[in-house]
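Here is a short report for a reader who is new to this model. Have the sequence and the 3D view open while reading.

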Amino acid sequence: MNQKDFQAIYMLWLRQMKRFLRAKSRVLTTIVQPLFFLFILGFGFNIAVFPGMEGSYINFLAPGIIAMAILFSSMFTGVSVLWDKQSGFLQEVLVAPVSRLSIVIGRTLGGATIALFQGILIMIIAIALGVPTVSPASLLLTLVIMVLLSFTAVGFGLIVASKMHDFEGFESVMSLILMPLLFLSSMFYPVNKFLPDWLQVLSYCNPLFYMIDGIRGSFTGVNYVLPPLVDLGIILVLCIVIMGLGTYFFNKSEA
Amino acid sequence: MDIITTENLTKTFDGFTAVDHIKFSVKKGEIFGFLGPNGAGKTTTIKMLTTLLYPSEGSASIAGFDILKQRANVRENIGIVFQEPALDTELTGRENLDFHARMYGLSPEIRKKRIGEVLTLVDLLDKKDVLVKQYSGGMKRRLEIARGLMHSPKVLFLDEPTLGLDAQTRRAIWAYIKQLNKDEDTTIFLTTHYMDEADFLCDHIGIIDHGKIMVMNTVDALKKSVGHDVITLSCNDTATLHKRLEQESWISKITPHDSMLTLGVERGEEKIPVIFDIARTVNVTISSVDVRRPTLDDVFLYYTGRSMRMREQQVREAPNIGMKKPARFRLRWPKK
């Protein structure tokens, strides 16, 4: 890593910011879509009673929505390598005399900035809706988990992009991998002893479960399964592994 | 000194060999041209030399650095203008150049100065703050060439630099390529399927077809190898006339193509009456005849047995031959 690499990281980050702010429809979708979930799903299920759940359903749902917004946005950043591949711009990036690692870092930081912006926005709306918080220090932990979630999702997106052959491949990944992960993540319903055993086991095998559990534990402080710091440890390991794999696959890809 | 050398450089895609054990070298400071029809393996070669593709076999070195083992050093010493557009269309022209300049670590003063210089050169200064997606095809191409020149590299790769440009812009770009080669001592490696371009720009050319180098030499030497003059004639019975003319020792080479015959001779204008006399003796009627100095087109015909135009037609009819990269990258994302 030298000065040139840092300048490249900054430039790749800046490019993502410019592109994001210029794509008005994307800005709108990414902000509005989670709000649909929060308001419609939140108020819709608010009348239901889940055994073993504390507080209102919106309080339970909000951490999951934050995680989902970050997950989608960051994955999009990773997968958008494919767009660059198609438009030919990836070649321009790959022949530049900067290390592949700084290209990955630049893209990841760009994606994480956008994702974090969305996550924080939902957080503020949730707090305005009366979702309880634990303490400022705890909120800081939430932010750390959000950043790690974002990094992991970008890494996952990079892996998908390097293995993906076409648009249909992207659809399959969304519906065959992402949807089950979301459904098993404790985002929509609490994972506890009232669930069938197999559903509990599957949930504990889901990396996303620990991310949402961590955000829930540190943000609202209710309905969580593991202590937030334990979640943090698991997430950290996951993040390093996935980012490592993502960098490896990106390194190997040809333009 | 050789600035580019390759050793058995080979690339295969799913059993199809795009570049087949090629071996060549380019001297420092020259303009070297790879001439060949679409799908001959030109772009694949450039992509391997610029570290964008891994060779299936063999290796190469650029400015003394190995393209497999010292990839970062290679990238520092080269600049590329891609054949296919490689611009970020969501950014403005100036932003694309700025991106490039920073990726190559240019200082802020040089960055500013070069952006102004190259934009003036390609006549895009007044469009610099317009988003690239609003540029026309020719404008995009000009911007890409401007970008390739930004960081004054040791070796500049130009993949079909003037493809799809109007005559006036082509001339301007040719002049700048020459000037850059002379003033900044930049070695230029270009691929083209335009004979006039190779003729005008290149010191040395290599003719490539089906992934193999057919011949490599200076432009003049190649033209001389064809013959002093070239006679092209069409008649009602090429086979008979061909057979008869083969007995004449003053014809250096006869190539049949497109129901025509091309002959390499000395003092062509004096040979036309002789050919007519011979044709009459075998009862063949010549319908048209043309004498000219040899062009690179004749050189290509001489070494491959086909004219460039015919070769490109064949490639279009057999799409596999023209494959430049694996088909899986060829998807298009629907426009929003």
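Which residue takes a positive phi in the hairpin of β5(B) and β6(B)? Ala63(B) does, with a phi near 50 degrees. Two residues lie between the strands of that hairpin.

## Ground rules

This is a predicted model, in which local features need pLDDT of at least 70, side-chain atom pairs count only at pLDDT 80 or more, and totals for chains, interfaces and linings use all residues. Residues are numbered from 1 along each chain as its sequence is written, while chains are lettered from A and ligands numbered from 1 in the order in which they are written.

Helices (H or I, at least four residues) and strands (E, at least two) are DSSP runs, numbered from the N terminus. Two strands pair if DSSP finds at least two bridges between them.

## Around the hairpin in chain B

Strand β5 (residues 57–62) of chain B is joined to strand β6 (residues 65–66) of chain B by two bridges. These two strands run antiparallel. Ile62(B) has Phe65(B) in β6(B) as its bridge partner.

Strand β1 (residues 2–13) of chain B also pairs with β5(B). The sense is antiparallel, over five bridges. Thr5(B) has its bridge partner, Ser61(B), in β5(B).

## A four-stranded sheet in chain B

An open sheet in chain B has four strands in the order β13-β14-β12-β15, with antiparallel pairing. β13 (253–257) and β15 (286–292) of chain B stand at the edges. Each has a single partner strand, so one side of each is left without a neighbour in the sheet. Neighbouring strands are turned by 20 degrees against each other on average, direction ignored. Axes here are lines fitted to C-alpha atoms, for helices over the stretch in contact, and angles run from 0 to 180 degrees between N-to-C directions.

Strands β12 (residues 229–235) and β14 (residues 260–265) of chain B pair over six bridges, in the antiparallel sense. Ser234(B) stands opposite Met260(B) in β14(B). Helix α11 (residues 296–304) of chain B packs on the sheet and touches β12, β13 and β14 of chain B. Its direction makes about 90 degrees with that of β13(B). Helix α9 (residues 238–245) of chain B lies across β12, β13 and β14 of chain B, and runs at about 170 degrees to β13(B).

Ile254(B) lies in strand β13 of chain B. It counts as partly exposed because it has 16 C-beta neighbours inside 10 Å. The cut-offs are 20 or more other C-beta atoms within 10 Å for buried, 12 or fewer for exposed, and partly exposed in between, with C-beta atoms placed from the backbone.

What does Ile254(B) contact, leaving aside its neighbours within four places in sequence? The partners are His242(B), Leu245(B), Glu246(B), Leu261(B) and Leu263(B). A contact means that the C-beta atoms of two residues, placed from the backbone, lie within 7 Å. Ile254(B) and Ile231(B) are 23 residues apart along the chain, and their C-alpha atoms are separated by 9.6 Å.

## Helix α1 of chain A

Helix α1 (residues 3–22) of chain A has 20 residues. At 1.5 Å a residue they should span 28 Å, and the end C-alpha atoms are 29 Å apart, which agrees. The expected span is 1.5 Å times one less than the number of residues.

The buried residues of α1(A) are Ala8(A), Ile9(A), Met11(A), Leu12(A), Arg15(A) and Gln16(A). They fall within an arc of 165 degrees seen down the axis, so they line one face of the helix. The arc is that of the directions from the helix axis to the C-beta atoms. On the other side, Gln3(A) and Leu21(A) are exposed. The cover over the buried residues includes α6 (100–128) of chain A and α3 (93–103) of chain B.

## Two loop residues in chain A

Most residues other than glycine have a negative phi. Ser186(A) is not a glycine, yet its phi is positive, at about 70 degrees. Ser186(A) lies in the loop between α8 (167–183) and α9 of chain A. It is buried, with 26 other C-beta atoms within 10 Å.

Asn223(A) also has a positive phi, near 65 degrees. Its loop runs between α10 (207–219) and α11 (228–252) of chain A. Asn223(A) counts as buried because it has 20 C-beta neighbours inside 10 Å.
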